Amino acid sequence: MSSVDTSDTGPESLIRAPTRIIQAACAVSLVFLIAAFSTDLSENPGNALIGALLSAAFCAVLYKAWPRLLSDPGRDGVMAAGIGIYVAAGLIYWPLFSANPWSSFAGLAGSLIFLLAVLAGWKEVRKAPPTALFGIAVIFLYVLASCLAPILAPYSQSAPMGGSNLLWGSELKDGGIAYLGTDQLGRDILSRLLYGARNTVGIAFVTTALTFVLGSLLGLLAASMQGWIDQTLSRVVDVLMAIPQLIFALVIFTVIGSGAVKMIIVIALLDSTRVFRLSRSVAMSIVVMDYVEAAKLRGERLWYIIYKEVLPNATAPLAAEFGLRFCFVFLFISALSFLGIGLQPPTADWGAMVRESANLINFFLYAPAMGVTPLLPAFAIALLTVAVNFVVDWFLHKMSGLKE
Amino acid sequence: MSKILATIAQRLGLGVLTLFVVSLVIAGMLELLPGDFCETILGQSATVETVNACRKENGFDQPFVFRYADWLSGFATLDMGKSLANKRDIAELISVRLSNTLFLAGFTAAIAVPLALFLGVLAALYRYSLYDRFVNVFTLTSISFPEFFVAYILVLLLSVMTVGENPIGPNGPWFPAMASVSEDTSFGERLYLVFLPALTLTLVVVAHMMRMTRAAIINLLASPYIEMARLKGIKNSRIIVKHALPNALAPIINVIAINLAYLIVGVVVVEVVFNYPGLGKIFVDHVKFRDVPVVQASAMIFAATYILLNLTADILSIVTNPRLMHPR
């Protein structure tokens, strides 16, 4: 797709050759990752091998994608500095990073993809309003927290570390300090918040991705095929959308029981109806275009038409919808786990954390720090949704501005 | 005029059909429940005879079609059977809860709808001003907040932090954190008790409604007749209230109806937070027990309300459309 995009948007986005900086930075990150994975070599050689192969694959993709996305060589330095800072941090805290090679890998990959995306759109990002910049910064922090949770968290998410309901800054059994206190089972709240970022945000992200693959694929298919496929899919979606989502999800969970995988599948199925509607209506206006007609007359296959002709022209509205859907799914999952239907208990999960500590709010006058404990995970949920909404709002504004 | 009646009749028919299909979907889903209720409540020590007797008593030995027809006719005549968990009559159990939920939703709507319209028109009137920008950020933020976050913040600010400052009772907070109403609570007291849940829901729905109101009006401001009015030298506020607002009515009514539908459903979380004895609370509780008849009945009521409100929105937007009301 990118080759189609870049070929006709002017000399600026011509693919340039990887510079020395790019080569060096990719090599450094590869060496770092392989070193992190190979500390595990004697105990778990299979894991280490898969990790090393994945790291190599990631670095190869980075090597290819970097010069494609960053047309301006001046930004290579920023990217390389990002890699340098990460690797330096990794070397300083080497015991932590080498003990959690997968987290080191996810952290590097996540932050590099994020940095690359921001630098690629730097022209726009520079002119973004402060709310959008705030949103981008917050999202970056959440990406880091959820990728690096085991490295950043001082304690485990499930093991009791001291007395229950300790105040902020209390000392734990092993002499460490629980900066945000402990919960009703004596687990460190700061650690649980960090792990919660990984669990809650991760599940919401996977669910949204699944929602999109399912919804947009079926929507584009319905619009391109029309006829009975379109009719059947649309009627099924009509019925599914006639039932309030939360109620329907709760009925389904009554039947199949709860759990992370079940939750992901059920919510993705229910939510893909919205994406289906949007992608179908967007694609409907595209498939009547002359160039699609021409492709059909050329005798192109259905997949070619969907993937090469329709999809590239529907990406902008779908990207904005991705942000909005993510917020919705994220709030939906939080609401479900707040109601007690979510992840299995020892796993940290923001919605469930609010429910479990809700009663502490009554102690606010006696111990303010303890009183706000239930608000912390709720605030974590709210902050991320606000941040994503700010970015989407800016994106939508830009899109509508381009249209006029 | 007959054309519009035909359209409305068609929509109504479609609504009834949807309702039927939805009831079938819900019943079909619950039919898939692995194991049955009798085995669960009687436990592993139950003999085959007692399990069979229990099945017979609850009608689980009949085929699905019969049970569905039976349930449907029962539901239509407001006879919804008995709860499996506590043997109480569901119609009785639910009707009180439903009226509580409707009370909360109605109270919220009474605050939220006028407020949203007023603020939305104001934002359209002073668009791109500081007020508008503030409203934009504020509404975007409150849309993004989970309901329980808003609820607990309000509890903290208006209940926990104000303990001992109650102007009415001794040593109480301004507003109670638990909305524990019973059947013999008086109307005035009821209003006071549900104030916090209603305020929570108001904050959640006002943002969406006023954004849509603002968008609907601004959308119209580019039309030629508004420009004409402006060229005539009419005041800005008069243009918006007299010229733009009536034409923006259809989308605004639509948004209000959708938000009311959302209210009926969105109460679930708020009812749990405030321990309010409404339909949402009972629904969530019985989902945990896997009490099928109660889940089925309350899910059906939720779905029916949702469909009905969406249908009303649909019909109202036809009725308020002058092009459909006065065909050439």
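# Chatting through a predicted model

Colleague: What radius of gyration does chain A have, and what would a compact globule have?
Modeller: The radius of gyration is taken over C-alpha atoms, and the globule rule is 2.2 Å times the number of residues to the power 0.38. With 404 residues, that rule puts a compact globule near 22 Å, and chain A agrees with it at 24 Å.

Colleague: Which pLDDT do local features need here?
Modeller: Residues are numbered from 1 along each chain as its sequence is written, chains are lettered from A and ligands numbered from 1 in the order in which they are written, and side-chain values use heavy atoms, leaving out hydrogens and water. This is a predicted model, so to speak: totals for chains, interfaces and linings use all residues, side-chain atom pairs count only at pLDDT 80 or more, and local features need a pLDDT of at least 70.

Colleague: How many helices and strands does chain A have?
Modeller: Both kinds are DSSP runs numbered from the N terminus: helices are H or I with at least four residues, strands are E with at least two. The C-alpha atoms of chain A fill a box of roughly 75 × 55 × 45 Å along the principal axes. In chain A you'll find 18 helices and 2 strands.

Colleague: What share of chain A is buried?
Modeller: Buried is under 20% relative accessible area, exposed is over 50%, and partly exposed is in between (1.4 Å probe, protein chains only). Of the 404 residues in chain A, the buried share is 50%.

Colleague: Among contacts in chain A between residues at least 6 apart in sequence, what share joins residues at least 24 apart?
Modeller: A contact means heavy atoms within 4.5 Å. Take the contacts in chain A between residues at least 6 apart, and the share that joins residues at least 24 apart is 72%.

Colleague: Where is A:Trp102, and what does it touch?
Modeller: A:Trp102 sits in helix α6 (residues 101-120) of chain A, and it counts as partly exposed because its relative accessible area is 33%. A:Leu54 is 48 residues away from A:Trp102 in sequence, with the C-alpha atoms 10 Å apart. Leaving out residues up to four places away in sequence, A:Trp102 touches A:Phe37, A:Asn47, A:Ile50, A:Gly51 and A:Leu54.

Colleague: Which parts of chain A do A:Arg325 and A:Asp271 link?
Modeller: A salt bridge is a side-chain nitrogen of Lys or Arg within 4 Å of a carboxyl oxygen of Asp or Glu. A:Arg325 and A:Asp271 form one, with the closest N and O atoms 2.8 Å apart. They're 54 residues apart, and they link helix α15 (residues 302-338) with helix α13 (residues 260-287).

Colleague: Are A:Arg325 and A:Asp271 buried or exposed?
Modeller: These are the partners in the 2.8 Å salt bridge. Both A:Arg325 and A:Asp271 are buried.

Colleague: Which residues form salt bridges with A:Arg298?
Modeller: A:Arg298 is partly exposed, given its relative accessible area of 48%. One salt bridge has its closest N and O atoms 3.0 Å apart, and another has them 3.5 Å apart.

Colleague: Why does A:Glu309 count as buried?
Modeller: A:Glu300 is partly exposed because its relative accessible area is 29%. A:Glu309 counts as buried because its relative accessibility is 11%.

Colleague: What is the phi of A:Gln226 and of B:Asn275?
Modeller: Most residues other than glycine have a negative phi. A:Gln226 is in the loop between α10 (189-225) and α11 (227-242) of chain A, while B:Asn275 is in the loop between α12 (249-273) and α13 (279-289) of chain B. Neither is a glycine, yet A:Gln226 has a positive phi of about 55 degrees, and B:Asn275 has one of about 55 degrees.

Colleague: How far apart are the end C-alpha atoms of helix α14 of chain B?
Modeller: The expected span is 1.5 Å times one less than the number of residues. Of the 28 residues in α14(B), 20 are buried. Helix α14 (residues 292-319) should span 40 Å, and the model agrees because the ends are apart by 40 Å.

Colleague: Which residues make the salt bridge between chain A and chain B?
Modeller: The contact takes 41 residues from chain A and 43 from chain B. Buried area is the accessible area (1.4 Å probe) that two parts lose on being put together, summed over both; here it is about 3700 Å², with 84% from carbon and sulfur atoms. The count between these chains is 1 salt bridge. Its N to O distance is 3.6 Å, and the side chains that meet are A:Asp393 and B:Arg211.
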